Amino acid sequence: QVTEGCRKEFSPVLAQVGPLVARFFTDPHERVRCAAITAMAQCCSDFSPEFQTQFLSTFAPLMGAAMADPCPRVASLAAKAVVNFLEGLSVEDSAPVLDGLVTALLRLLQGTLH
């Protein structure tokens, strides 16, 4: 929540924040993975659309994989975070990743994962 009022100060370091958050998407502990998803969603909300456009190719596959996580809490949080991730993007910008994200969402909704 700190970044909400500090957009101008945090914007120059987004290039460092993205990879830092991304590496925890595959942490062995489910709570760390949940925290990484929450941090990514918050960055998307606070720095939209710069964060999404800068890290589209980084976080889209991570989000798809997180929706297939064996822990239902991680998978459902990832599905919920897709809204934050896509919210600030135009249709043209999000088009390359939509197929993968929608496929992951459908698998989760159909219950083939959990």
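The model is a predicted one, in which local features need pLDDT of at least 70 and side-chain atom pairs count only at pLDDT 80 or more, while totals for chains, interfaces and linings use all residues. Residues are numbered from 1 along each chain as its sequence is written, and side-chain values use heavy atoms, with hydrogens and water left out. Helices here are DSSP runs (H or I, at least four residues), numbered from the N terminus.

Staying with α6 for a moment, this helix spans residues 91-110 and bends by about 60° at Val97; the bend is the angle between axes fitted to the seven residues ending there and the seven starting there. Val97 also turns up among the buried residues of α6, together with Ser94, Leu101, Ala104 and Leu108. Buried stands for under 20% relative accessible area, exposed for over 50%, and partly exposed for anything in between (1.4 Å probe, protein chains only). The cover over these α6 residues includes α4 and α5 (72-87).

Now to α2 and its partner α4. Helix α2 (residues 14-22) packs against α4 (residues 50-66) at an angle of about 10°, the axes being 10 Å apart. That makes the two helices roughly parallel, a label for angles under 35 degrees. Axes are lines fitted to C-alpha atoms, for helices over the stretch in contact, and angles run from 0 to 180 degrees between N-to-C directions. On the α2 side the contact (heavy atoms within 4.5 Å) uses Leu14, Ala15, Gly18, Pro19, Val21 and Ala22, which meet Phe51, Gln54, Phe55, Thr58, Phe59 and Leu62 of α4. By class, that comes to 9 nonpolar, 3 polar and no charged residues. Nonpolar covers Ala, Val, Leu, Ile, Met, Phe, Trp, Tyr, Cys and Pro, charged covers Asp, Glu, Lys and Arg, and the others, Gly among them, are polar.

Within α2, Leu14, Gly18, Val21 and Ala22 are buried. Viewed down the helix axis they fall within an arc of 100°, so they line one face of α2; the arc is that of the directions from the axis to the C-beta atoms. An α-helix has 3.6 residues a turn, so residues three or four places apart point the same way. Covering the buried residues of α2 are, among others, α1 (7-10), α3 and α4.

Phe59 gives a closer look at α4, the helix in which it lies. Its relative accessible area is 0%, so Phe59 counts as buried. Leaving aside neighbours within four places in sequence, Phe59 is in contact with Gly18, Val21, Ala22, Phe25, Met40, Phe51 and Phe85.

Glu30 belongs to α3 (residues 30-46) and, at 32% relative accessibility, counts as partly exposed. Not counting residues up to four places away in sequence, Glu30 touches Cys71 and Val74. The C-alpha atoms of Glu30 and Cys71 are separated by 7.0 Å, although the two are 41 residues apart along the chain.

Key: Angles under 35 degrees count as roughly parallel, over 145 as roughly antiparallel, 65 to 115 as roughly perpendicular and the rest as oblique.
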